[in-house]
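Trainee: I would like to learn how to read a model like this one. Could we go through it feature by feature?

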Amino acid sequence: MKAYVFDDVPGDQRLPHDSGNPISLSTLKDLGVIYKEIPINEDKKWEDEINAFAKERGYKNRDQITVTKEGLGESYEAKIKSFFDEHLHEDEEIRYILGGSGYFDVRGVKKPYNESWIRISLEKGDLIVLPAGIYHRFTVDSNNTITAMRLFQDEPKWTPHSRSEKETDSREARGEYLEQVEKGF
Ligand code: KMT
Ligand code: NI
């Protein structure tokens, strides 16, 4: 995992866009982003760790997604586009990377990162929890492949609420998120 301020230079979303300004784990925590490394080894210990983490946080279900042309089939182009469209969810978004790599971008809230994109580069063995209400987007990197376990509490509520289309700022999940940022996670 590596996190940094996105450079906002137009161009290929799959390139690093590293402005050279690193972001610490504590800044991620202030935004409610949880990061954990659970290395994937042959001993399969990671499975126990994932199970324990899921139990502790009440994630009862999981599935797997592979973001490649083969993995997503006909909807590939549309999915790649919608993943990278800034949005929020009313539930947490939990991903554990099983292979490949990619970028989750999250919006900063407070100075000096207010409204900046923070890019989080993830690879095999990285686990991330994005809190409900955080604005974010996702893209594969130039390796063009990522396989992730998606964990969820009960019924998966994948519905992305696009910031450009709807009044997402007035959604309850957004208000609660900003309150939590004020109070601290
Ligand atoms: C999402 O919600 O953006 C995704 O599931 C992307 C693929 S998981 C790395
Ligand atoms: Ni999302």
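Predicted model: local features only at pLDDT ≥ 70, side-chain atom pairs only at ≥ 80, totals over all residues.

Trainee: How do I check the length of helix 2?

Mentor: Compare the expected span with the distance between the end C-alpha atoms. Helix 2 covers residues 45–57, 13 residues in total. At 1.5 Å a residue, the span should be 18 Å. The end C-alpha atoms are 19 Å apart, which agrees.

Trainee: How many of the 13 residues of helix 2 are buried?

Mentor: The count is zero, so helix 2 is hardly covered. Burial here takes 20 or more other C-beta atoms within 10 Å of a residue's own.

Trainee: Is strand 7 largely enclosed or largely open?

Mentor: Apply the burial count again. Strand 7 spans residues 117–123, and five of its seven residues are buried. It is therefore largely enclosed by the rest of the structure.

Trainee: Which strands are joined to strand 7 by bridges?

Mentor: Strand 1, residues 2–6, runs antiparallel to strand 7, with four bridges between them. Strand 6, residues 93–107, is also antiparallel to strand 7, and seven bridges join that pair.

Trainee: What should I expect of nonpolar side chains?

Mentor: In soluble globular proteins, they tend to be buried together. Here the largest nonpolar core has 28 residues. Phe 104, Val 106, Ile 118, Ile 120, Ile 128, Leu 130 and Ile 134 touch the most other members. Strands 1, 6, 7, 8 (126–130) and 10 (146–152) each supply at least two residues of this core. Strand 6 gives the largest share, six residues.

Trainee: What is Ile 134 in contact with, beyond its neighbours within four places in sequence?

Mentor: Its contacts are Leu 31, Gly 32, Leu 88, Val 106, Arg 107 and Tyr 177.

Trainee: Which residues surround ligand 1?

Mentor: The shell is Ile 65, Val 67, Phe 83, Glu 93, Arg 95, Gly 102, Phe 138, Ile 146 and Ala 148. Strand 4 (61–67), strand 6 and strand 10 each give two or more of these residues. The largest share, three residues, comes from strand 6.

Methods: Residues numbered from 1 in each chain as written. Chains lettered and ligands numbered in written order. Buried ≥ 20, exposed ≤ 12 C-beta atoms within 10 Å, placed from the backbone. Pairing = 2+ DSSP bridges. Core = buried A, V, L, I, M, F, W, Y, C linked by C-beta atoms within 7 Å. Contact = placed C-beta atoms within 7 Å. Near = placed C-beta within 6 Å. Expected span 1.5 Å × (residues − 1).
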